[in-house]
Amino acid sequence: MFGPPNGTFDADWAATALRSNRPELDHPTSVRLVEGAWELLRSSNLRGEPLATALDLEPGLASAVAAVATETAELYLDRR
């Protein structure tokens, strides 16, 4: 998988990943959604379904956003 450098969060990259699963979203909305999920992930240590539940979004969208944030954390934070 191609992505940002190890240990970094790139909202544009994460938004592009989100839009690959939810193409109806525009880029600015996707950026806003992944930034919010990333903030919750980092501040509350939530991932996966607990993160999706904490997001104030429609359940299907929340799951997609949480999946991108969780995958980003697993690939770029956990492997330091």
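This is a predicted model: local features need pLDDT of at least 70, side-chain atom pairs count only at pLDDT 80 or more; totals for chains, interfaces and linings use all residues.

Biologist: How many helices and strands does the secondary structure of the chain come to?

Modeller: Helices (H or I, at least four residues) and strands (E, at least two) are DSSP runs, numbered from the N terminus. Here the chain has four helices and zero strands, and along the sequence the pattern reads α-α-α-α.

Biologist: What share of the residues of the chain counts as buried?

Modeller: Buried means under 20% relative accessible area, exposed over 50%, and partly exposed in between, with a 1.4 Å probe and protein chains only. By that criterion, 38% of the 80 residues are buried. In helix 1 (residues 11–21), the buried residues are A11, W13, A14, A15 and L18, and their cover includes helix 2 and helix 4.

Biologist: At what angle do the axes of helix 1 and helix 2 cross?

Modeller: Axes are lines fitted to C-alpha atoms, for helices over the stretch in contact, and angles run from 0 to 180 degrees between N-to-C directions. Under 35 degrees counts as roughly parallel, over 145 as roughly antiparallel, 65 to 115 as roughly perpendicular, and the rest as oblique. The axes of helix 1 and helix 2 cross at roughly 110° and come within 8 Å, and the two helices are therefore roughly perpendicular to each other.

Biologist: And how do helix 2 and helix 4 pack?

Modeller: Helix 2 (residues 27–44) and helix 4 (residues 59–76) pack at about 60°, with axes 9 Å apart, and are therefore oblique to each other. Contact means heavy atoms within 4.5 Å, and in this sense L33, V34, A37, W38 and L41 of helix 2 meet L61, V65, V68, A69, T70, T72 and A73 of helix 4. By class, that contact has ten nonpolar, two polar and no charged residues, where Ala, Val, Leu, Ile, Met, Phe, Trp, Tyr, Cys and Pro count as nonpolar, Asp, Glu, Lys and Arg as charged, and the others, Gly among them, as polar.

Biologist: Is T70 buried or exposed, and what does T70 touch?

Modeller: T70, which is placed in helix 4, counts as buried at 9% relative accessibility. Not counting residues up to four places away in sequence, T70 touches L41, R47, G48 and L51. A polar atom of the T70 side chain also lies 2.8 Å from the backbone nitrogen of G48.

Biologist: Where does L51 lie, and which residues does L51 touch?

Modeller: L51 lies in helix 3 (residues 48–54) and counts as buried at 0% relative accessibility. With residues up to four places away in sequence set aside, L51 touches A37, L40, L41, L46, A66, A69 and T70. The C-alpha atoms of L51 and A69 are 8.9 Å apart, although these residues are 18 apart in sequence.

Biologist: Which residues is T72 in contact with?

Modeller: T72, in helix 4, is buried with a relative accessible area of 1%, and, leaving aside neighbours within four places in sequence, is in contact with F9, W13, W38 and L77.

Terms used
Residues are numbered from 1 along each chain as its sequence is written. Side-chain values use heavy atoms; hydrogens and water are left out. A polar contact is a pair of N or O atoms within 3.5 Å; within protein, one must be able to donate a hydrogen and the other to accept it, and residues adjacent in sequence count only if both atoms are side-chain atoms.
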